[in-house]
Amino acid sequence: MANRRGEAEAEIIDAISVITTKRDGGELTDAQIDWVIDRYTHGAGSGAGGPDVGGAGSGAGGRVVDEQMSALLMAIFLRGMNRREISRWTQAMIDSGRRMDFSGLRRGGRAMVTVDKHSTGGVGDKITLPLAPLVASFGVAVPQLSGRGLGHTGGTLDKLESISGWRADISAADMGEQLERVGAVVCAAGGGLAPADRRLYALRDVTGTVESIPLVASSIMSKKIAEGTGALVLDVKFGSGAFLKSEAQSRELAETMVWLGHAAGVATTALLTDMNTPLGRTAGNALEVAESVEVLAGGGPDDVVELTLALAREMLDAAGLTDADPAKHLADGTAMDTWRAMIAAQGGDPDAPLPRARHTETVRATESGIVTRLDAMAVGVGAWRLGAGRAVPGEAVQAEAGITLHAKPGDRVTAGDRLFTLHTRTPERLGAARAALTTAVGIGDSAAQRRPLVVDRVTVDS
Ligand code: URA
């Protein structure tokens with residue numbers, strides 16, 4: 001903005017004008033976005049969002065308090081943001097913390113390419129476990145900063161913590177050393193990465209503002225860009241067990257994230273994948289580790305193998321290894337060797353028996369026919385009720401709890417056949433899990449036409 005003498009005029013910013021701009025359908029300026037994120041994350045001092053002058057962090061004004069940020073988040077939820085606003089919001093969240101840098105990684109005197117994968121989460125989604133060592137077995141560095149589960153979807157760290165001795169918290173120096181030596185690391189993201197997102201996500205969770213494409217895209221991409229990866233492959237899911245149910249919304253999310261990645265200099269592609277049915281034949285931490293090891297041994301369920309290979313090909317392409325054949329490294333044990341090294345490097349014993357539940361119960365089919373439907377959400381809720389997931393952050397989970405799925409869509413069953421085995425340490429949970437599963441399975445005379453698992457590939461040119 002310039003005054004009549006042509007001098008730049010500082011923008012006057014205060015929390016209320018930022019909120020009302022968005023409430024009334026306006027566009028937020030770059031300075032408003034920088035200011036509001038900075039003052040919410042780091043702002044100190046008395047008073048709620050008093051007027052201030054200038055951009056991020058300047059001036060001695062107040063802070064943006066939860067009530068004001070809640071109002072702004074709801075305004076964004078209802079009014080949306082354009083691409084410039086989303087990109088600036090993402091950058092402001094990245095700037096709220098530190099960035100990691102893997103550009104110095106070397107093996108055999110040569111620079112290593114880093115490629116990361118992120119899934120928007122689903123039921124039975126154990127793909128990171130076979131995928132990270134598989135891609136690393138080609139000499140690519142795969143830094144997977146992962147999270148713990150909340151609600152009906154499991155977290156990658158919870159799954160790996162069912163392996164005796166394995167630990168998620170490692171230092172940045174150990175992470176770099178492991179990437180150079182083994183190639184793959186799966187660990188907890190440190191608190192310094194995009195701290196604004198952590199505060200905003202907690203607030204969104206209690207204000208009904210989670211399912212907003214600008215807010216989801218900026219939340220995921222701020223962490224991934226701050227992580228310092230060279231390339232990124234996204235698995236964006238839709239369907240009953242996914243975070244966004246509709247395919248159209250998931251496509252929009254994928255397009256927004258791919259665009260944000262490229263705008264930040266990270267080569268990003270996305271696969272749009274179906275999460276109406278759980279992946280594989282297990283949901284639950286130790287059960288999913290066992291299934292992942294089957295895939296690494298060259299077996300495992302077809303859908304888990306298919307998605308692992310599709311994502312591996314994307315990641316290897318992004319690393320410039322267009323001729324690499326990931327199926328070969330599953331078949332010949334190369335990926336398994338990297339898995340064992342990856343687990344051992346973080347204190348885990350890859351040969352230790354996995355925890356087994358003291359209590360199991362079988363749920364059987366009451367009619368004969370072909371399985372037409374297996375609802376991912378119902379299975380996710382069932383596994384959660386058995387103790388595999390947590391209702392609030394920080395709660396302990398049962399490593400051994402979960403569900404084995406004996407029949408998947410397309411399978412023929414006879415009345416009395418097993419549909420599910422429920423596993424838990426606490427038998428009082430069995431009833432609630434059974435209740436969650438009562439309408440999970442459809443049985444009919446003929447199978448519905450099978451939809452592809454990978455529905456589309458989204459690139460910056462899509
Ligand atoms: N996962 C994230 O990291 N952020 C969101 O907003 C939603 C899912």
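This is a predicted model: local features need pLDDT of at least 70, side-chain atom pairs count only at pLDDT 80 or more; totals for chains, interfaces and linings use all residues.

**Terms and their grounds**

Q: Which residue of β16 is the bridge partner of Val371?
A: The bridge partner of Val371 is Ile443, in β16.

Q: What makes β14 and β16 edge strands?
A: The open sheet has three strands in the order β14-β12-β16, with antiparallel pairing. The strands β14 (412-413) and β16 (441-444) each pair on one side only, and are therefore the edge strands.

Q: Why is Met74 called partly exposed?
A: The relative accessibility of Met74 is 30%. Buried means under 20% and exposed over 50%, with partly exposed in between; Met74 therefore counts as partly exposed. Met74 lies in helix α3 (residues 66-79), and together with Phe77 and Leu78 it makes a nonpolar surface patch of about 270 Å².

Q: How do you know what span to expect of helix α10?
A: The expected span is 1.5 Å times one less than the number of residues. Helix α10 (residues 247-263) has 17 residues, and the expected value is 24 Å. From its first C-alpha to its last, α10 reaches 24 Å, close to that expectation.

Q: What makes Leu253 of α10 a buried residue?
A: Buried means under 20% relative accessible area, and Leu253 is one of the buried residues of α10. The elements that cover these buried residues include α4 (83-95) and β17 (454-458).

Key. Residues are numbered from 1 along each chain as its sequence is written. Side-chain values use heavy atoms; hydrogens and water are left out. Patches are made of residues with over 30% relative accessible area and no salt bridge: like charges are joined within 9 Å, nonpolar side chains (Val, Leu, Ile, Met, Phe, Trp, Tyr) within 5 Å. Accessible areas come from the Shrake-Rupley method with a 1.4 Å probe; for residues, only the protein chains shown count as cover. A salt bridge is a side-chain nitrogen of Lys or Arg within 4 Å of a carboxyl oxygen of Asp or Glu. Helices (H or I, at least four residues) and strands (E, at least two) are DSSP runs, numbered from the N terminus. Buried means under 20% relative accessible area, exposed over 50%, partly exposed in between (1.4 Å probe, protein chains only). Two strands pair if DSSP finds at least two bridges between them. Contact means heavy atoms within 4.5 Å.
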